[in-house]
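My entries are below, in the order in which I made them.

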Amino acid sequence: MTDLVHPRDAARLEGLDGPEQAFLEALERGRLHHAWLLVGPEGVGKATFAYRAARRLLGARPEPSFGALGADPDDPVFRQVAGRAHPDLMVLERDDGKEGRARKSIPVDEARALPEFFSKSPGRAAYRVAIIDTADDLNANAANAVLKTLEEPPERGVLLLVSSRAGALLPTIKSRCRRLAFAAPPLEAAVRWLMAQGDVTVEEAHGYLRMARGAPGRALRLANANALEIDKAARELVDKLPTLDAAAAQHMADGFRGPEGSQRFALAIDRIAAALHERATAAALDGRGAFDRWAEAWAMLSDLPGEVDGINLDRGDAFFTALGRLGALS
């Protein structure tokens, strides 16, 4: 499988003609809002759209073959944006650019830099642009700092906020933005796209897209993590409860070590939680009293990855402790 291209490097974006046309229409009519809230599921192209819109505002040479907001990858503006080197673009994100490590949140100090950034006139373009990828990652103080920028719209400035959980954002932030909604593309188009990225069968593509709720970007990340294999192993563990298959559990826990351990741990817990959610739903439909127990187990697992990372617990120990609690609930 190919790795998912970072949104700042992506030249193509398919299936989002509606949002791109809405943005272009506002730009061409001189009615460009100063803040845009890009909402929708994770992995449907919101951040890629943000960079495409930014390149257009920063004067990149249009390339219609790459879509309504397409830009020529050989254009200097495109290369500057990809290299994080354009003086009229500011990006707030959890990834601080150091060895690809993501922080727990976007700190307030970076959000407080927005007013100074927008106080300066554009140096090389018609606009100054800031992208927040994602607004969901702003801590409370950072969110309030962003709000102050929104309350005083910058002249020749545009703020693009990406969000997969817009319901959790401050209402005052949402009310000051124009909302653009993004949805997953048609299933067959997503299947074709996913199969084109590497060695994935039709059946596997459908499986990854089911897990990703139709979001192609998330489906590709799941494919690169061999999520179908992890899902199968997780369901086998759940099906054997209250008996613990210690060998299978240890094999899964061995994958929690190393630089990708956190991702694999979160994925394993997610797939176990999905299996438990199906059990809880089935129990509710059958009128069985086990619903409350399975719902309690699902809630416990859903919180586990955040708790483990938050206090730096050993993932293997936390995993076996969780399986023990699941066995007691079964």
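These entries begin with the sheet, go on to one of its strands, and end with the helices.

Entry 1, ground rules. I am working with a predicted model, in which local features need pLDDT of at least 70 and side-chain atom pairs count only at pLDDT 80 or more, while totals for chains, interfaces and linings use all residues. Residues are numbered from 1 along each chain as its sequence is written, and side-chain values use heavy atoms, with hydrogens and water left out.

I looked up the strand order and found five strands in an open sheet, 2-3-4-1-5, with parallel pairing. The edges are strand 2 (89–93) and strand 5 (178–181), each of which pairs on one side only. Neighbouring strands are turned by 15° against each other on average, direction ignored. For my own reference, strands (E, at least two residues) and helices (H or I, at least four) are DSSP runs numbered from the N terminus, and two strands pair if DSSP finds at least two bridges between them.

Strand 2 and strand 3 run parallel and are joined by five bridges, with Leu89 opposite Val129 of strand 3. Strand 3 (residues 128–133) is joined to strand 4 by six bridges, again parallel, and here Arg128 stands opposite Gly157. Strand 1 (residues 35–39) pairs with strand 4 in the parallel sense over five bridges, and Ala35 has Leu159 as its bridge partner in strand 4.

Are the residues of strand 4 buried or exposed? I noted that seven of the seven residues in strand 4 (157–163) are buried, where buried means under 20% relative accessible area with a 1.4 Å probe, protein chains only. In a regular strand the side chains alternate between the two faces of the sheet. In strand 4, Gly157, Leu159, Leu161 and Ser163 point one way, whereas Val158, Leu160 and Val162 point the other way.

The axes of helix 1 (residues 17–28) and helix 2 come within 11 Å and cross at roughly 25°, the axes being lines fitted to C-alpha atoms over the stretch in contact, with angles from 0 to 180 degrees between N-to-C directions. Helix 1 and helix 2 are therefore roughly parallel to each other, a term that covers angles under 35 degrees.

Key: Buried means under 20% relative accessible area, exposed over 50%, partly exposed in between (1.4 Å probe, protein chains only). Angles under 35 degrees count as roughly parallel, over 145 as roughly antiparallel, 65 to 115 as roughly perpendicular and the rest as oblique.
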